[in-house]
Protein chains: 2
Amino acid sequence: MKVEVLAIGTELLLGQIVDTNSSWIGQQLAAAGLDSHFQTKVGDNPERIRGALRLALDRSDAVICCGGLGPTQDDITREMIAEVMGAELVQDDEVATRIRAMFEDRGRTMPENNLKQALIPVGASPIPQQPGTAPGLICPIAAVDTAKTADTRSERVIYAVPGVPYEMKEMITGTVIDDLRKRSGESSVIRSRVLRTWGMSESALSELLADRITELDAIGNPTLAFLASGVEGLKVRITAKAPSEVEAEQLLDTEQAVLWPLIGHLVFGLDDDNMETVVVRELINRGLTVAVAESVTGGYVAGRICAVPGASKVFCGGVVAYQPEIKQRLLGVPEGPVVTEEAAVAMAEGVRSIMNADIGLATTGVAGPDEAEGKPVGTVCFAVASPDGALATTIKLPGDRERIRQFSTISLLDVLRRVLVNQES
Amino acid sequence: MKVEVLAIGTELLLGQIVDTNSSWIGQQLAAAGLDSHFQTKVGDNPERIRGALRLALDRSDAVICCGGLGPTQDDITREMIAEVMGAELVQDDEVATRIRAMFEDRGRTMPENNLKQALIPVGASPIPQQPGTAPGLICPIAAVDTAKTADTRSERVIYAVPGVPYEMKEMITGTVIDDLRKRSGESSVIRSRVLRTWGMSESALSELLADRITELDAIGNPTLAFLASGVEGLKVRITAKAPSEVEAEQLLDTEQAVLWPLIGHLVFGLDDDNMETVVVRELINRGLTVAVAESVTGGYVAGRICAVPGASKVFCGGVVAYQPEIKQRLLGVPEGPVVTEEAAVAMAEGVRSIMNADIGLATTGVAGPDEAEGKPVGTVCFAVASPDGALATTIKLPGDRERIRQFSTISLLDVLRRVLVNQES
């Protein structure tokens, strides 16, 4: 089953918006074992949208159209799909009622042009999920409707989903993927689990998993995939196919258990976890509070911790001690060089003390563009101070100023995480 | 002149990498007055790349291929272009020497497979800019080489540029755009200037500029475009066409002067400026230092200021006072509610004092998910304290926790900027 994605909107071609929707849909299709050979962006132009739809139906079995379902004149996706289907647009009263109710819920009167969104090609059906005013559509296309006369495929399908990411995502995961898999004759369910790893390169991680990947290639199910996520580490995605959800989850559990001795020491979280949610959760579980003293990261560590809802339960506060004089006066760092493990420990202990926290964290280093204290750009010292004492470490990071600061931030959070889960590397 | 972008790489279809290159190229084409009707992503598959190239040449005058120029077996862009051109691939000795020299510069021996990158279709020429090992290519296509026999266009062209963003950008701005404009018969030059605005919605900004846009629509040159940039505000891009660079710059200067009375009060910077680079520059120019006390933004304000190289000249440091007790003990905030302008002023004055800074900044507010002190989510108070006294303001922001924190961060930086340039709104 070949599936294409067609992103619709002139603003995408002009680069005013980056099309992240297609990439996300590509991930979901790959995880569901559905082939995708092309993704196309096209502007709000009737002729070109029609052409792109016909071309996509010619070379693929299904097309997911993203965008152009709004109430304005520019939004012509449903009209173009109706033309390609050779079908009339008629108002779906249920959808119309739903849209009207949404406006009433917000205490507003529905503008009449929003009723345009309730128009649906005859033969199409609305997607049950509808988080916004734009309904998604499932539009079956009979083989005779296409130019390709020698085509023997029984039925193809166009899905229309809104361009608003959260609306689109709800429809893709709630309906489109399952519908595609049913059409492809797959009665099995597909489930994925992501192991979030940090601290190892893609090639080194592949090497650790090489034998298992060879075994899985022979078995065919589950499968493993790597997704690089920049300074946020590498995701290892396990995808399992099974007759039922329960069996798919069992396959995932079993595979996770097989992978654990190989890479478990690198895994900081699962699925939607990120480093800060994991750290905050571990702190809450242990009833511990934390404070941070930052130089090279300049507030990023505090900023990430505070991004987690509920961080106030565990985060006392932080000091951005950018000037040496502030490090000395506020945090009690001794005079002398400040890009040292000794200075990092003094900062961590200092902030722990003035913030009355259980744990103190610190970063100090050289983000560039120039070296400092004879230390090259990318030199960063970390420290964690707790009632059990302090530990410090120094790393040398590659990249530019921003990358060094981001990388230092997640590195320090990972050091704290390892201390908490008692896995010092 | 119609130009298509073809992004090549299976990792793009799988969503392992978001294709930001095409969006960026779309921006450059639009600014240069070149039409772009389609952007396509295709995997590393010979048949499909060939098909996509032929289709693009059929419906457009030029194709920019991005990616697939590396030294590995997956990288087949140059082979596919050679096939579509009907040309042999031959080694370009100059390019080969250049690649070898790059490896020698890094003290490494060139692996033999990198020589593949020096292969160039007969009739094509390398793009002069070559920041990495992959050379870019300009590949003219004679009309007879295409399937479309009724085609009367004289010559079309395929450009090949690497997928590495900084390499791609250097070639597009250094060669491709100018070459496209020459081919389109344009001897004029195109120059753009971006006015970075903050603090007004797109519809309100359009209203301010409505009359001028109508005038410019009649004149045709220069043109104005809006680019939304999320919490970073709206960019207004002026694009001017003229016989020479000097004249184009004069047109830009003149138009900027016309726009200034309308929107100058919203403009915080030009072109590559962002809010923090502007703030740091204004502080340096005035020889002033700054410190920040953060609650709701939790380190983001400090983090953004420190992102600017040279921030250490003006930034003393910051306190992330997340708990009320820390606000009181470290910053001297009186007991009582902390989401108030009084608390914000006390925080700004407190941090100014303990950091020995000329100016103190502060944020305190409710990021959610729950309301606090009876104040709804999105309530944020800002303060700026200086030797001349303190000012405070309260705003109510929409959106989720992260958006409220990001929006608060740039809001506070803009308040500081306005104080510095004496433009209090």
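Residues count from 1 along each chain as its sequence is written, while chains are lettered from A and ligands numbered from 1 in the order in which they are written. Because the model is predicted, local features need pLDDT of at least 70 and side-chain atom pairs count only at pLDDT 80 or more, whereas totals for chains, interfaces and linings use all residues.

**View 1. Chain B laid over chain A.**

**View 2. Where chain B meets chain A.** Each chain puts 48 residues into this contact, with two residues counted as touching if their C-beta atoms, placed from the backbone, lie within 7 Å. On the chain B side, the elements giving two or more residues are α2 (20-31), β2 (38-42), β10 (223-228), α10 (300-306), β14 (315-321), α11 (324-331) and α13 (401-420). Helices (H or I, at least four residues) and strands (E, at least two) are DSSP runs, numbered from the N terminus. The largest share, 7 residues, comes from β14(B). By type, the chain B side splits into 25 nonpolar, 18 polar and 5 charged residues; Ala, Val, Leu, Ile, Met, Phe, Trp, Tyr, Cys and Pro count as nonpolar, Asp, Glu, Lys and Arg as charged, and the others, Gly among them, as polar. 100% of the interface residues of chain B are also interface residues in chain A, so the copies meet through the same surface.

**View 3. Helices α3 and α4 of chain B crossing.** The axes of α3(B) (residues 46-59) and α4(B) (residues 77-85) come within 10 Å and cross at roughly 50°. Axes here are lines fitted to C-alpha atoms, for helices over the stretch in contact, with angles from 0 to 180 degrees between N-to-C directions. On the α3(B) side, look for P46(B), I49(B), R50(B), L53(B) and R54(B); α4(B) brings M80(B), I81(B), E83(B) and V84(B). Of these contact residues, 6 are nonpolar, none polar and 3 charged.

**View 4. Domains 2 and 3 of chain A.** Chain A divides into domain 1 (3-183), domain 2 (189-270) and domain 3 (275-420), with bounds from an automatic or database domain assignment. The C-alpha centres of domains 2 and 3 of chain A lie 31 Å apart. In chain A, 6 residues of domain 2 touch 8 residues of domain 3. The domain 2 side has 3 nonpolar, 2 polar and 1 charged.
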